[in-house]
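User: I would like to learn how to read local features in a structure of this kind. Could we proceed feature by feature, with the general idea ahead of each case?

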Amino acid sequence: MKETLEELKEYLEKIAKYNRVIILLNWDMETCTPKLGFDKQADAIGYFSAEAFRLSTSDKLEKLLEQLSEKEEYDSLDETWKFIVKRMKRDLDKDKRIPADFYESYVREQAVSGNAWREAKNKSDFSIFAPHLEKLIEMTKEKTGYTDPDKEVYDALLDQYEEGMNSEIIDGLFEELKKELIPLVQKIIQAKQPDDSKFKGYYDPDDQKKVQKLLLEYIGFSFDAGAVGETEHPFTTNFSSKDVRVTNHYYEQDAISAMFSAIHEGGHAIFEQHVKEEFDETVAGSCCYMGIHESQSRFYENILGRNKNFWVPVYDKVVSLLPQLQNISLDEFYREINHVRNSFIRCDADELTYCFHIILRYEMEKAIFRDHVPVEELPKLWNEKMQEYLQITPKNDAEGILQDMHWSDGSFGYFPSYLLGSIYDGMFLEKISEELGDIDTILKEGRIQEITKWLNENIHQYGSTRTPQEVIHEVCGKEVSAKPLIRYFKEKYEKLYELV
Ligand code: ZN
């Protein structure tokens with residue numbers, strides 16, 4: 001009995017080594033590979049990905065999992081291994097249905113399409129990307145036909161990123177947000193806006209890196225189990241809970257962007273650094289639910305980072321590292337980091353109008369997969385929705401439909417995760433306040449580590465072993481609801497913009 005489990009563990013260690021190579025190559029390509037070195041690195045990633053896929057769908061693995069699923073063997077496993085065996089068996093059953101030659105051409109198309117998207121974005125020419133987008137949409141439909149034959153395509157895609165989610169639940173949540181937030185944002189836009197002219201200036205990237213280190217340490221990121229790199233689009237990646245890496249991008253004219261990217265990615269990283277060590281490099285480890293993951297990064301970025309009290313213990317230190325902020329009071333800084341504007345780019349949006357950027361993308365994806373809107377009509381639909389939600393029209397596709405990379409590698413159904421994360425945050429905030437007390441006081445007194453500890457204990461340590469719905473039920477004891485987030489927004493912004 002023991003032998004089968006030992007054999008499985010050995011086999012998983014082998015797969016884990018392939019995954020390490022893939023993660024390392026990706027990290028390298030995103031942070032430091034020179035332009036001329038790109039092709040060979042991409043080749044190597046293709047090779048190791050195909051090998052890892054072959055190992056994780058092999059007959060040998062299938063046989064091991066079947067043996068361990070037999071009652072007597074299964075009953076002798078501890079809870080962690082019960083979870084791992086069950087989860088791996090489910091994934092393998094799904095993946096095995098994908099024909100190997102289809103999988104290979106899908107991976108190849110992802111790479112080709114990514115290149116086409118970059119070129120299209122640089123030239124602001126949607127027609128360069130359109131044929132690849134069309135092909136990826138078709139291949140995505142075919143792929144979900146293999147993996148989830150009983151599910152409607154878009155629901156299958158949503159479920160891939162946030163298990164248990166479907167468009168019926170999301171429709172309900174997003175409609176409620178729209179109903180409450182559209183009038184709120186309209187009132188804010190008409191109200192008196194903060195003066196941002198004092199923030200203009202040159203901010204040395206090296207100084208910004210020092211601020212980043214200060215902020216990451218302040219929120220609880222461990223540099224013994226983490227590293228920082230520089231990239232075009234910030235992201236977090238991890239080998240295990242002992243090696244979690246964040247990246248950032250530094251703008252010379254804007255110091256605030258990198259501060260909040262650091263806090264956001266730091267939130268993802270703190271999550272991964274606190275997953276139970278025994279789950280490392282198995283399906284129980286690194287959290288695979290994107291809504292839950294984004295809830296943690298966005299909790300640090302928005303709920304904590306955009307709270308004035310978050311800055312009380314560190315603002316002076318930030319100013320000493322960035323003397324350009326010397327004449328800016330904490331109050332002025334606080335107003336600026338919560339400056340609500342109708343803007344084109346999702347990544348630069350404030351936390352309130354950000355909701356509309358996601359709702360727009362969700363509706364676009366439904367138009368693609370439900371209403372079968374032809375690809376060439378998508379830019380027009382995008383611009384109409386920008387007008388509807390934000391009353392602005394992009395002057396070209398680069399600042400419109402081409403701005404995000406998600407669709408270029410077939411990540412359809414990912415976008416709603418960001419807003420689901422914020423919806424969960426509203427609920428977590430209420431629960432934390434109930435259990436730990438007033439969050440403003442905790443932050444002001446420099447006790448942020450108490451909040452991090454609460455998140456570690458209630459959410460992070462479980463990694464992937466609880467589905468999003470289980471997390472919400474067990475942490476909050478309630479059904480998912482957008483109401484707490486709406487209450488948070490109203491309370492904060494009515495005061496900030498003196499609306500009442
Ligand atoms: Zn994120």
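Analyst: We begin with accessibility: a residue is buried under 20% relative accessible area, exposed over 50%, and partly exposed in between. Please keep in mind that this is a predicted model.

User: How does E281 count on that scale?

Analyst: E281 has a relative accessibility of 35%, so it counts as partly exposed. The residue belongs to the loop between α11 and α12 (290–304). Its backbone also deserves attention: E281 is not a glycine, yet its phi is positive, at about 55°.

User: Which residue other than glycine has a positive phi near 50°?

Analyst: That residue is H372. H372 is located in the loop between α16 (354–369) and α17 (378–390). Because its relative accessibility is 51%, H372 counts as exposed.

User: Which way do β1 and β2 run relative to β3?

Analyst: Strand β1 (residues 226–230) runs parallel to β3, and 5 bridges join the two. Within this pairing, E230 has N248 of β3 as its bridge partner. Strand β2 (residues 236–240) runs antiparallel to β3, with 4 bridges between them. S240 stands opposite D243 in β3, and β2 and β3 form a hairpin with 2 residues between them.

User: Which atoms coordinate the zinc ion, and at what distances?

Analyst: The donors are NE2 of H264, NE2 of H268 and two entries for OE of E294, at 2.1 to 2.5 Å. Along the chain they follow the spacing H-x3-H-x25-E. Both H264 and H268 lie in helix α11 (residues 256–273), 4 residues apart, which is about one turn of the helix. H264 and H268 are both buried.

Terms used:
Residues are numbered from 1 along each chain as its sequence is written. This is a predicted model: local features need pLDDT of at least 70, side-chain atom pairs count only at pLDDT 80 or more; totals for chains, interfaces and linings use all residues. Side-chain values use heavy atoms; hydrogens and water are left out. Two strands pair if DSSP finds at least two bridges between them. Donors are N, O and S atoms within 2.8 Å of the metal (3.2 Å for Na, K and Ca); water is not among the atoms, so sites may look incomplete. Buried means under 20% relative accessible area, exposed over 50%, partly exposed in between (1.4 Å probe, protein chains only).
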